[in-house]
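Here is a short briefing on nonpolar cores and aromatic pairs. Keep the structure open while reading.

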Amino acid sequence: MNWKIKFQSRRCGQNMVRKHYTAGDKEYTYFICSTRKAQKGCSTHSIDEETLMASVLNAVKSHIDVVLEAEQLLEMVESLPENQQNVFNYDAQIVKLKEEIERNKNFKLKLYENLQEGMIGQDEYFLFKKSYAMKIQEAEQAIAAIEAEREQMVNNNREQLSWTEVFKQYQNITEVTRNVVVDLIDHIEILEGKGIHVVFRYHDNWDKLIAAISNIPADMKSQMAV
């Protein structure tokens with residue numbers, strides 16, 4: 001096993017040391033707490049490599065299943081009319097502002113005709129021209145801000161789920177390979193009684209995903225489960 005992964009004792013936080021020993025014609029590999037090995041405290045807890053591999057595989061498969069279930073739930077929420085309505089509202093605001101820009105541009109163009117026809121004086125001409133130009137500029141700035149906000153919302157939704165693709169590619173794994181460890185696992189904590197706790201990568205993204213799901217009303221979750 002050539003994994004660049006940190007194994008540590010859950011109790012003292014120190015690294016677990018990989019050791020070998022031979023009994024007869026068989027070779028055994030196990031992990032023991034470095035603190036205990038140095039006789040500086042901690043408890044006598046160790047785990048053999050075969051048990052460790054089986055436990056890590058089960059933990060990875062279980063976590064992948066939970067991630068995919070959570071992803072499916074959030075994707076269903078994102079496809080609901082309420083969420084599509086948010087995007088539509090952005091687009092509707094942009095359309096309204098563009099209409100306002102065209103209207104003010106037309107008013108601005110007619111100012112010179114009104115001036116030539118004597119309907120307005122020169123002072124009024126420049127005053128109205130400046131006013132329409134300012135309204136056009138403000139509407140253009142508002143469109144830019146709304147488009148940026150709309151893009152941010154869409155990107156946030158995509159980003160929130162993009163990391164799950166890393167887990168999805170391993171959903172049918174049958175063994176723990178180096179790639180699985182490098183891509184999915186941050187570190188592994190060894191507990192007493194040969195237990196383990198796998199700390200996965202992307203835990204911040206996972207917390208955000210769980211937080212988003214926790215905000216889904218209970219009645220909506222029950223409808224999705226049907």
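**Cores and rings**

Phe107 has 38% relative accessibility, so Phe107 counts as partly exposed (buried is under 20% relative accessible area, exposed over 50%, partly exposed in between; 1.4 Å probe, protein chains only). The model is predicted: local features need pLDDT of at least 70, side-chain atom pairs count only at pLDDT 80 or more, and totals for chains, interfaces and linings use all residues. Residues are numbered from 1 along each chain as its sequence is written, and side-chain values use heavy atoms, leaving out hydrogens and water.

**Aromatic pairs**

- The whole structure holds 6 aromatic pairs (ring centres of Phe, Tyr and Trp, its six-membered ring, within 6.5 Å; stacked under 30 degrees, edge-to-face over 60, tilted for the rest).
- Phe107 and Tyr132 make a tilted pair, 5.6 Å centre to centre with 35° between the planes.
- Phe107 lies in helix H3 and Tyr132 in helix H4, so this pair ties together parts 25 residues apart in sequence (helices, H or I, are DSSP runs of at least four residues, strands, E, of at least two, numbered from the N terminus).
- Tyr132 is buried at 17%.
- Ring pairs link Trp163, Phe167, Phe200 and Tyr202 into a cluster.

**Nonpolar cores**

- The largest nonpolar core has 30 residues, with Val60, Leu184 and Ile185 making the most contacts inside it (buried Ala, Val, Leu, Ile, Met, Phe, Trp, Tyr and Cys joined through side-chain atoms within 4.5 Å).
- Helix H2 gives the largest share of this core, 9 residues.
- A second, separate core of 8 residues includes Ile101 and Ile136.
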